[in-house]
Amino acid sequence: MEHISQLNAQHSSTQSWINGLIGVVIFSGSLPATRLAVMEFDPVFLTMLRATIAAVLALLLLWLFRENRPARNQWAPLAVVSLGVVIGFPLLTALALQYVTSAHSIVFIGLLPLATAVFGVLRGGERPRPVFWLFSILGSVLVMGYAFTQGLSAAPVGDVLMLLAVVVCGLGYAEGATLSRSLGGWQVICWALVVSLPVVVPLSLVLAPSSFGGISLPAWVSLGYVALFSMLIGFVFWYRGLAQGGIAAVGQLQLLQPFFGLALAAGLLHEQVSLGMVLVTVAVIGCVAGAKKFAR
């Protein structure tokens with residue numbers, strides 16, 4: 001019996017890492033796809049439409065599986081998740097990608113695990129060791145230093161928007177990860193999408209262009225990707241992995257996202273990925289790993 005229990009635990013651990021890795025790989029394509037889409041779609045309309053498409057599918061999933069409504073005290077956290085990952089992060093990154101390349105923006109995504117950890121610490125009331133804050137500050141300095149040397153004054157709006165996007169997404173991740181313990185992994189993102197419906201549907205209709213005739217196939221494909229994969233399917237795997245293997249452990253997989261994202265930016269968009277950009281990304285990932293290690 002003990003041997004069987006160990007095998008079951010090992011299988012569950014493996015599944016959690018597989019689910020988490022699939023989620024990270026899917027999220028890695030979000031910025032390159034958004035970059036393509038905002039070349040032809042208005043960024044605010046793109047954000048509202050992708051959320052509307054995902055929310056309708058989420059509502060259908062909840063109905064098919066006959067999921068119970070969240071408890072009264074879970075609606076407020078769900079609203080925070082919705083504001084963070086359904087509206088806030090997609091909108092801010094879509095606006096930022098009008099000013100910076102997806103490769104440039106991915107360097108900022110290296111701070112996302114740290115932002116998630118910080119909000120997790122604040123919510124949980126933990127007392128990190130001083131080394132944690134040392135890594136946190138060093139990582140932030142590296143990112144801001146890189147942005148400055150690359151010509152921060154040329155696109156300060158894009159850099160500020162990316163920083164804000166990281167903050168709100170970190171909050172949404174931390175809130176969603178906490179909720180997944182009681183509400184369930186995929187149910188969290190589905191209900192968060194449903195919460196956004198009264199906002200995103202009317203705005204999608206109001207902001208819709210008079211004609212879609214000039215929209216190219218790559219832009220439509222990009223919209224489909226960010227709506228189906230980045231907004232819904234990726235979170236199904238991501239929150240399932242967090243629920244199975246634990247937030248702290250599986251959350252480490254976010255550290256791989258900048259590498260996948262840089263590869264996609266170079267391969268699909270033919271954007272230049274400089275050695276300095278790669279080195280900064282690696283350094284930031286090292287800082288995030290150190291901060292996570294000393295979070296408790």
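Me: Why is Cys-287 called buried?
Reply: Buried means under 20% relative accessible area, exposed over 50% and partly exposed in between, with a 1.4 Å probe and protein chains only. Cys-287 has a relative accessible area of 5%, so Cys-287 is buried. This is a predicted model, in which local features need pLDDT of at least 70, side-chain atom pairs count only at pLDDT 80 or more, and totals for chains, interfaces and linings use all residues. Residues are numbered from 1 along each chain as its sequence is written, and side-chain values use heavy atoms, leaving out hydrogens and water.

Me: What makes Cys-190 buried?
Reply: Its relative accessible area is 0%, so Cys-190 also counts as buried. Of the 296 residues of the chain, 50% are in that class.

Me: How many disulfides does the structure hold?
Reply: A disulfide is a pair of cysteine sulfur atoms within 2.5 Å. The structure holds 0 of them.

Me: How many helices and strands does the chain have?
Reply: Helices (H or I, at least four residues) and strands (E, at least two) are DSSP runs, numbered from the N terminus. The chain has 13 helices and 0 strands.

Me: How do you know that the span of helix 12 agrees with its 12 residues?
Reply: The expected span is 1.5 Å times one less than the number of residues. For helix 12 (residues 257–268) that gives 16 Å, and the end C-alpha atoms are 16 Å apart, so the two agree.

Me: Which residues of helix 12 are buried, and where do they fall?
Reply: Gln-257, Pro-258, Gly-261, Leu-262 and Ala-265 are buried.
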